[in-house]
Amino acid sequence: MESATLLHTIWFALIAILWIGYFVLDGFDLGVGTLIRFIGTDDLRRRVMINTIGPVWDGNEVWLLVAGGATFAAFPLWYATMFSGYYLALFVLLLALILRGVAFEYRGKKDSARWRSNWDWAIFTGSVLPAVLFGVAFGNIVSGSQIQPTESGSGFVGAGALNYTGTPLLSLLGPFPLLLGAMTLLVFTTHGAIFLMLKTSGEVRQAARRVAQRLGLVAAMVSVAALLWAQAFSGRVAVTLPIVLVAATTWVISWLMVVRGRDGWAFTLSSVTIALSVAALFIGLFPRVMPSSIDTAYDLTVMNASSSPYTLTVMTVVAVVMTPIVLAYQGWTYWVFRKRLSTSIIPAPSVTGRADDRFAGSAEPAPRSG
Amino acid sequence: MEALDLARWQFAVTTVYHFLFVPLTLGTVWFVAGFQTAWVRTGDVRYLKLTKFFGKLFLINFAMGVVTGIVQEFQFGMNWADYSRFVGDVFGAPLAMEGLLAFFLESTFLGLWIFGWDRLPARLHLGTIYAAAFGTMFSAYFILAANAWMQHPVGFDLDPTTGRAVLTDIGAVLFQNTAVIAFLHTMAASFLVSGTAVAAVGVAFLMKERQVEIFRPAVMAGAVVTLVAGALVAVTGDMDAKIMVQQQPMKMAAAEGLYQTTADAPFSVLSIGDLSGTQATRVIEIPGLLSWLSTGSFGSQVQGIDNLQAQYAADPQYSALPGGDDYIPYVPVAYWGFRLMIGLGMIAAAWAIWTLWRYRRGRNPLSGRVFRVISYVIVLGPLMAMSAGWIFTEMGRQPWIVFGQQKTAAAVSSSVSSGEVLVSLIGFTLVYAALAVVEVALLLRYIKQGAPEQVSTEPYDRNSSADTDKQLEFAY
């Protein structure tokens with residue numbers, strides 16, 4: 001069997017990096033969206049929360065699209081088997097992301113408590129479901145799915161005929177994937193709470209800090225369990241186990257930073273923890289991309305699932321040129337919007353453009369202290 | 001229904017929806033940028049009000065374009081797994097580039113534009129909407145290049161062992177004339193529909209004598225853009241048709257309902273009867289025009305459906321490919337799709353001429369019921385034209401998903417059952433329909449409210465990023 005070339009390895013790493021970028025960035029968006037129903041006890045608080053991620057959530061979500069597109073370009077057989085195999089789960093994920101995406105923009109467009117409440121549910125559902133489903137998806141990838149050769153309508157043979165043959169949804173909800181789903185939900189929510197600590201002041205920040213403190217411990221326990229279990233599927237435990245242990249450490253230190261109110265450090269370390277955890281999963285997976293739980297001969301690997309060296313080279317050039325540029329201007333965005341938000345600086349909803357407008361239900365909020 | 005048919009319906013529904021919102025995004029973003037530029041350069045607050053007004057409408061629409069776009073990125077793998085395996089080496093690259101070069105740009109800078117009024121100096125803030133506009137345009141280019149490769153595959157080889165397409169020349173894929181012309185034609189059409197929308201909204205205000213001094217420039221700008229775009233659509237459409245005659249002659253023959261190869265072929269403006277059979281009564285024809293449109297010279301031969309079918313069915317390479325031996329697309333859709341695209345698009349240009357004439361030299365006539373009613377609905381013309389165009393070009397390519405290389409029937413995901421596709425088809429259709437209703441309701445609501453009476457003309461304060469007590473200029 002051929003072994004992984006340098007190009008294969010580079011692209012496997014790049015896809016891992018894209019997923020890391022997505023989970024670190026949209027991870028806190030999903031966390032903030034989940035916390036809407038918990039920390040967001042009134043409309044003003046919810047608006048503070050939404051506006052912390054308002055300028056950045058869309059750019060963060062793009063990392064998911066690029067991860068998908070890059071998978072299509074570099075490992076088309078992985079893209080095809082995974083996306084068709086996990087069909088219904090992805091369908092639910094897409095509906096959730098659609099609802100969340102529209103909700104941010106449409107929520108403030110009508111001055112009605114019921115209107116806002118509906119969109120808040122859309123934000124909540126559109127954040128919780130993806131947070132869980134990503135964990136479930138990666139749990140299935142890492143532990144292996146029921147993949148085997150099937151009749152190909154196009155007459156493909158070999159790796160081109162490897163398809164998912166499990167049941168549409170139920171086979172994907174095994175104990176390990178569910179545990180990983182619980183982990184991603186808890187970690188992203190905590191990460192979101194820490195982001196809120198960093199981006200707000202006053203009552204929202206206090207509430208976020210309480211959540212981060214309590215949830216951080218639960219997240220730690222679930223994550224340790226999940227990532228230790230993941231070692232059973234790792235192809236190189238000698239490498240991935242130390243990484244997991246470092247990740248556990250950075251999470252604990254992040255938690256301590258939360259306790260001490262060191263927001264910047266807490267957020268940096270929660271980001272590092274997510275990065276290390278995802279890295280550990282990918283490193284343990286390599287050189288496979290979609291292991292088969294039926295027979296290792298049916299594994300999709302970086303070798304049998306990939307595009308040609310020409311395509312991988314072209315894409316490497318594009319990625320090497322574009323990624324630093326993207327990181328630069330996305331990073332700049334966070335600098336532009338570095339100001340901490342509080343309930344007192346959120347303007348009255350600009351539902352209409354008229355100065356003489358009469359709001360039925362939403363009076364100009366009285367200035368709050370902090 | 002079989003999984004294949006359900007998957008085709010789903011792709012059609014999701015793509016048509018996506019492409020209702022996207023052309024408005026592609027064109028309107030440049031209007032917003034233009035109005036904001038006029039504001040920055042002249043200081044005339046009317047332009048700032050126009051920027052905020054159309055900016056709000058733009059964002060309401062943009063949200064739908066984005067979320068329906070996420071589905072597109074995933075749908076190739078979900079429903080068309082064998083297509084993805086076959087073309088991934090070639091098709092995947094422009095899609096990944098679209099993400100890296102276009103999506104990041106438009107999403108990041110739009111966020112900066114929406115929230116950055118008080119955080120960025122005026123010129124830099126202006127730059128953000130331009131960056132977003134370019135992002136949307138790059139996005140259109142890459143996806144149209146990918147689609148162009150489906151229409152006319154170039155720059156690749158077939159791998160004999162795996163049977164998959166292998167990229168050999170990225171330049172050929174990205175810059176073939178099919179791609180370039182499709183991009184120009186689509187951008188022109190986007191300006192056609194957006195110009196119509198902007199002008200029509202402005203007309204609604206002018207006819208009610210509301211905020212006339214604000215919306216007059218919008219009417220004129222919109223109408224002029226519509227006219228110019230209409231001319232460019234026609235020119236690029238002609239170029240596209242000539243390319244299509246060379247690259248997919250069956251599509252052109254179906255668009256004409258031309259069954260027999262004919263020299264000096266007439267252009268059928270209207271044809272009735274059994275278009276999917278072999279007889280059609282041609283009611284209105286223009287002699288010789290089809291030959292001229294197809295090749296640039298009168299009297300030239302245009303290939304007919306039956307001749308092409310016989311030719312393709314006899315080709316061993318085509319027969320060897322799974323998916324059957326019927327190479328005739330569904331002719332009525334091709335025929336009517338082509339005509340609706342042209343007719344409905346040109347109606348907008350005609351309306352634009354009328355509008356420019358009506359409001360020339362500062363006039364503002366308030367009467368004219370016919371004009372008013374037409375203006376309320378005119379944007380539907382080019383909007384439906386865009387759908388007609390896409391339905392025509394995609395259904396006209398059938399049975400091929402990649403012309404000459406892979407048939408649609410062989411491309412569908414074999415591991416996805418018809419039950420699963422039915423669930424997603426119903427789900428997407430219902431959710432998209434509901435959200436579209438919401439979007440239109442919001443657009444109408446915000447149009448009715450009119451341009452903002454008051455706008456803050458100097459929102460930027462270099463300390464505002466640090467000052468934690470200063471209210472935000474804008475917040476969700």
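Let's start with a bend: H8 of chain A has a kink of about 30 degrees, centred on A:Leu215 (the bend at a residue being the angle between axes fitted to the seven residues ending there and the seven starting there). Helix H8 covers residues 203-230 of chain A, 28 residues, and reaches 39 Å from first C-alpha to last, close to the expected 40 Å (1.5 Å times one less than the number of residues). Helices here are DSSP runs of H or I, at least four residues, and strands are E runs of at least two, numbered from the N terminus.

Quick housekeeping. This is a predicted model, where local features need pLDDT of at least 70, side-chain atom pairs count only at pLDDT 80 or more, and totals for chains, interfaces and linings use all residues. Residues are numbered from 1 along each chain as its sequence is written, with chains lettered from A and ligands numbered from 1 in the order in which they are written.

Now, how do the two chains meet? 81 residues of chain A are in contact with 80 of chain B (contact meaning C-beta atoms, placed from the backbone, within 7 Å). On the chain A side, H5(A) gives the largest share, 13 residues.

Over in chain B, H1 (residues 3-42) packs against H15 (418-449) at about 20 degrees, axes 9 Å apart (axes are lines fitted to C-alpha atoms, for helices over the stretch in contact, and angles run from 0 to 180 degrees between N-to-C directions). So H1(B) and H15(B) are roughly parallel, as angles under 35 degrees count that way. Among the residues making that contact are B:Trp9 and B:Tyr17 of H1(B), and B:Phe428 of H15(B).

Terms used: Angles under 35 degrees count as roughly parallel, over 145 as roughly antiparallel, 65 to 115 as roughly perpendicular and the rest as oblique.
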